[in-house]
Amino acid sequence: MSKVKYYYDPDTLSYRKIEPKKSRRFRNIALFFLGSFLFGFLGLILLLNTNLVNTPRELSLAREVKNYELQFELLGKKMEQIENVLANIEDRDNNIYRLYFEANPIPEEQRRAGFGGVNRYKSLEGFNNSEMIIATTKRLDIIQKQMVIQSKSLDEITKLAEEKEKLLAAIPAIQPIKNEDLTRMASGYGWRSDPFTKARKMHWGMDFTSPKGTPIYASGDGTITRADNNASGYGKHIRIDHGYGYMSLYGHLSQYNVKARQKVKRGDLIGFVGSTGRSEAPHLHYEVWKDDERINPINFYYGSLTAEEFENMLKYANQENQSLD
């Protein structure tokens, strides 16, 4: 209840009650409400710009932002793990796989190259966390590019490995007659005495002495190109095209076990020892060709002989005795 105010009237020598004017009352009421409104509005603005009061929507958004920041942090750690694993694979790829198959290493600049041209990340600009989002996206793009390059490299290595396996299977790498079937290794590659003219001449292969009918085996994978008696001096003979520039020849056979254009594998039975053609006694005359040049077959027996057997063969092959053809 408001206090009643009085004033002294000298004319009547008495106290009179002060009656406030209606206009002043209305003004005071208006000033009160205006001050209350301004005070409330400023307080609300202050609260909204501080963390003291947040709406449920704002609290939910804040939690989402915190969760996204956590997910970005976890994503960064996962990318670091992927980068470490990828770096290990790249190191082995360059220094083991590609080195073994004689392929050129992939340059580091090519593996780590970025992306030129237009701004690929323009759509990610203008946000509060744009810098972090763009950096993470760039990092992911580079990892993806590295994985594509590495995948193509491994595809290339796979093809090289398949070719290497085919090459190793095709090279004439075993002795065409088993050791237990040999009577002796009669003559090797080099200058020898001709059995008919007694003159020294180049002997382009190796002679394996065995009884007539002894099995002869393909020394490597390939295709039979000839199985006939139409080559001078060789009698019944077989030729196998092994690919990669290699060809093997088996002369003076008694019988064939294959025919032209037939595919054979290393160790397949292809014919039998004989003494047809220009031959002094039953034996196998064996030659190896590389790029149309005859080479010493003794360099290719790593697939069937022990070190001791190879040493003995080398000793007999180097003797300048008489050949059998």
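By class, the second largest pocket is lined by four nonpolar, four polar and five charged residues. Here Ala, Val, Leu, Ile, Met, Phe, Trp, Tyr, Cys and Pro count as nonpolar, Asp, Glu, Lys and Arg as charged, and the others, Gly among them, as polar. This is a predicted model, where local features need pLDDT of at least 70 and side-chain atom pairs count only at pLDDT 80 or more, while totals for chains, interfaces and linings use all residues. Residues are numbered from 1 along each chain as its sequence is written, and side-chain values use heavy atoms, with hydrogens and water left out.

A pocket is an open set of points on a 1 Å grid over the protein atoms alone, where a 1.4 Å probe fits, with protein on both sides within 12 Å along at least five of seven lines; lining residues have an atom within 4 Å of a point. The second largest pocket holds about 260 Å³ of space, a volume being the space filled by probe spheres set on the points, which are joined across faces, edges and corners. Of its 13 lining residues, the closest to the centre are Ala 170, Asp 221, Gly 222, His 242 and Lys 265. Helix H4 (130-170) and strands E8 (222-228), E9 (237-243) and E12 (263-264) each supply at least two residues of the lining. Helices (H or I, at least four residues) and strands (E, at least two) are DSSP runs, numbered from the N terminus.

Where does this pocket lie? Domain 2 (70-170) and domain 3 (179-318) both give residues to the lining, so the pocket lies between them. The domain bounds come from an automatic or database domain assignment.

His 252 is in the loop between E10 (246-251) and E11 (253-256), and Arg 261 is in the loop between E11 and E12. His 252 has a positive phi of about 70°, and Arg 261 also has a positive phi of about 70°. Neither is a glycine. Most residues other than glycine have a negative phi.

Are these two buried or exposed? His 252 is buried, at 1% relative accessibility, whereas Arg 261 is exposed, at 72%. Buried means under 20% relative accessible area, exposed over 50%, and partly exposed in between, with a 1.4 Å probe and protein chains only.

Last, Tyr 246, which sits in strand E10. Tyr 246 is buried, with a relative accessible area of 14%. Tyr 246 and Arg 294 are 48 residues apart in sequence, and their C-alpha atoms are 9.8 Å apart in space.
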